[in-house]
Amino acid sequence: MSGFFTSSDKIKVGQTEVSVPSENGLNYNAGGRIELYIPPTSKFVDLSQSKLKMDVLLSIPETTAANGAQRVQLDAQTGLHSLIRSIRIFTGRKTALLEEIEGYDILTALRFDYETNESLRSKRALGEGATTYDPASRGTLGTTKTIQGNCFSNPYFTKVEGSPTLTASFTSASDGTYGLQKVKGELHLNTGLFRNEAVFPSLLTDGIFIEILLQDSRRVFRSLDSTNRNRRLRLNPVYHSINGSDNARATSGSFAAKSASANASSNTFFFTQDNNQTSVATFPFVVGEKVTFVSGDNASVNGSVGTITQIEQVSGVAFGITKTKITLNASIQNTTGETWTGGAVGNAPGKQYHLVTANPDSAGITDYPASYVVSNVEMIVKQISVPDGYENSMMTMMKEGGTINYDYRSFTNYRYSQLVGDNVANIRLPLIESRATSVLCVPTDATTYSTKQLLSASTTYLINEAPDDLVNRTQRSAIVGIVDGLQEYQFIYDGKINPNRKVDTSKIAKKDSVSQYWSIEAEKALAMADIEPMSFMGFQDNFFVGRALALGKNAVYDARGKDFTLQVEYTSAAFPQTKPKLWNNYVSHLRRLQIKNGGLQVQV
C-alpha cells in the first residue's frame, strides 16, 4: 500500500523588512504630496505585509479673544487614513499606472464602518490612529455608545494623571505638557495591491512608485462628542450649582445650594458626577476653552460665554459628594430666562443644563485655523528572499518568451454631482472594467464646510434624533454617505432592470429603522468587493447603495459596452432632501499586470 504523502523539493524563502523613506521632503502639510519609491533591489515584496509609517501632529490656534483651546482629533473610525485624499501606484518611475484610488478616505471609511468588530477597532486604535471606546468616558444618562468621546486614553492629547488642579492653558506644544501630542502610526493601505497576498515581482517592474495626496485641513478635524451641543448633548457634563453644596436650596442658611437664577452672574460652576465626571482626568473640557450652557432639551442656549481658567475637583463636608469645579476668566450671565436648579439634594432636579463648547461657534469667528503636519514618512517593505536558482530560472523563462500574469483587485471611482432639487436623478456610469464584481455608490454631502462649521456640527447632516441623544449630527461630512430622504433606487444595465423591482430605502430615510431589501443588496455588494460585511451598525452614519454584478468566489462581469444607470428617487414630502451630494461610485474589479518580453501591460 503506497503512502498518501510524498515529500518533494520546496523553495526556501526568507523574509526581511527594509525601510524606504519618502523622497520629496521631511514634513508635509495639508494638501501636500508624498512620494515613495520601492526600488527593484527589493526583488520580491509582500505588499500585504508592508506598512506606511508616519508621525502626525495636530495643532490648534493660540488662545485669544477670538479663538479658544479645545481637544481635537482625527476621524475616530479611520484615524490617520482620513488624511489621505488619493493614492496612485506606478511601475518604475511613473512608467505605467497600476492603480489609482480617488477618494481613498471615503472608500476606507466605508470599509472600516462595515468590516468591523471589537477586535478590529482595537487593532486600528493600536496602530492606525483610530480611537476606541473607554469606559472611563462612558455616559450614564442613556446616550448611545460612542468612540469619539474618549478623553481619558485618547492618543491625540496628553493624559491627565489623577485629579490635579489645572491652570495652564491647553496648547499644541507637543512636548509632553498639557496639550496635543504627536501620534505615530503604521497603516495597512487599503488598495488592491497592498491587500493582495500574492508576492509582487518588483525586479520585473523597475520598482514601485507610490504617490499620496493629503487631505485639506478643514475636512479632517473632529471634536469630542462629550463637549459638542450637536452630538449626543446628554453626554456632556451636567450643571449642579454655582457653589457645589449638596444641602437643600434655601434663601438663607449654612452653605445652602445656590442656583443660577435668571440674569444672575457667576464665574464658578460645579458639575454632578453624571457621565462619570468623577475626576479631572475624565472631564472633557480644557483650560482655555470657551464654554456656555445649554438646556437638557437643547432648546435654551445661554448667550453669555466665558473662558475656563481653572479645572479642579472639590470635596469636603460642605460640598458633600466630590464634584468638578471650573473657574472662568470673568463672570457670565444666565440669559436663558430660567433658573438653573441643577441636581442638589432635597430639590427637584428641574431642567438639566449641560456645559458645551462655545468655540469655534462664538460670534465673530470666521473660522478655526487648526492644522496638521505629517513627518517621518517611510514605507516598511516586507522583502521575500528566494534562492538564486529560482530567480535565474524565472529570468530565463522570461527571456524565452514567458509571461507573468499578476492579478489584483482595485476600485475605480466614477463621480456624479447631484443638486438638492434633483428629486429623480439618473446617474450614468461609463464603466470600462472587463472583470467587474460590484458597485458601491456613496452619496456624500457636497456642502463646503469650514473647520469651524465641521467642528461645531451645527449645520451638518442630521443622522438621527435618538431620544436620549436628542440630536446627533455628523462631523464626517464628505467622507461618509447620507441617505437624506432617499426613497428607492434601482440599477439599469445591459438593457435590464437590476434588481427586477425597486429597492426600498424609505425606512432608513425615516431614521428609525432599516430596510430589509436594502441590507440584502448591500451585503452582497460588500462581499463581492472583498469587504467582509461584519456589522451594519453604521447604516445611518455611513449610508451607501450597492449592487453585486456577479456572485461566487471567482465570478466576474464584463461591463464593457454596457450602458449603466443608477436611478434614485427622493419623492417624499415628509422627508425631503436637505443637502447637495457628490456620488462616489466605486466599481470593484480585477486587474491584471501582464509582464512579457521585457514590457508590461495593465489590463482593466
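**A close look at one part**

Tutor: Asn 298 is found in the loop between E15 and strand E16 (306-316), where helices (H or I, at least four residues) and strands (E, at least two) are DSSP runs numbered from the N terminus. This is a predicted model, in which local features need pLDDT of at least 70 and side-chain atom pairs count only at pLDDT 80 or more, while totals for chains, interfaces and linings use all residues. Residues are numbered from 1 along each chain as its sequence is written, and side-chain values use heavy atoms, with hydrogens and water left out.

The backbone of Asn 298 has phi near 65 degrees, a positive value in a residue other than glycine. At 16% relative accessibility, Asn 298 counts as buried; buried means under 20% relative accessible area, exposed means over 50%, and partly exposed is in between (1.4 Å probe, protein chains only). Lys 94 also has a positive phi, of about 60 degrees, although it is not a glycine, and its place is in the loop between strand E7 (84-91) and strand E8 (96-102). Lys 94 is partly exposed, with a relative accessible area of 41%.

Let us turn to the aromatic side chains. The structure holds 23 aromatic pairs, where rings of Phe, Tyr and Trp (its six-membered ring) pair if their centres lie within 6.5 Å, and planes under 30 degrees apart count as stacked, over 60 as edge-to-face and the rest as tilted. In one of these pairs, the rings of Phe 269 and Phe 293 have centres 4.9 Å apart and planes at 50 degrees, so the pair is tilted. Because Phe 269 lies in strand E14 (residues 265-271) and Phe 293 in strand E15 (residues 290-295), this pair ties together parts that are 24 residues apart in sequence. Both Phe 269 and Phe 293 are buried. Around them, one aromatic cluster is formed by Tyr 239, Phe 269, Phe 271, Phe 283, Phe 285, Phe 293, Trp 340 and Tyr 353.

What does strand E14 pair with, and how well is it covered? E14 is mostly covered, with five of its seven residues buried. Strands pair if DSSP finds at least two bridges between them, and two bridges join strand E13 (residues 239-241) to E14 in an antiparallel arrangement. Ser 241 has Phe 270 as its bridge partner in E14. Six bridges join E14 to strand E17 (residues 320-333), again antiparallel, and here Phe 269 finds its bridge partner in Ile 326 of E17. Phe 269 thus takes part both in a ring pair and in a strand bridge.

Charged side chains also meet aromatic rings in this model, a charge being counted as over a ring if NZ of Lys or CZ of Arg is within 6 Å of the ring centre and within 35 degrees of the ring normal. Arg 124 lies over the face of Phe 112, at 3.9 Å from the ring centre, and Phe 112 is one of the buried residues of H1. Helix H1 (residues 104-114) is mostly covered, since 11 of its 11 residues are buried. The charged end of Lys 581, for its part, sits over the ring of Tyr 570, 4.8 Å from its centre.

Finally, the part can be set within the whole chain. The secondary structure of the protein chain comes to six helices and 30 strands. Its radius of gyration (taken over C-alpha atoms) is 28 Å, close to the 25 Å that the globule rule gives for 604 residues, so the chain is as compact as a globular protein of that length; the rule is 2.2 Å times the number of residues to the power 0.38. Of the 604 residues, 55% count as buried. With contact meaning heavy atoms within 4.5 Å, 77% of the contacts between residues at least 6 apart in sequence join residues at least 24 apart.
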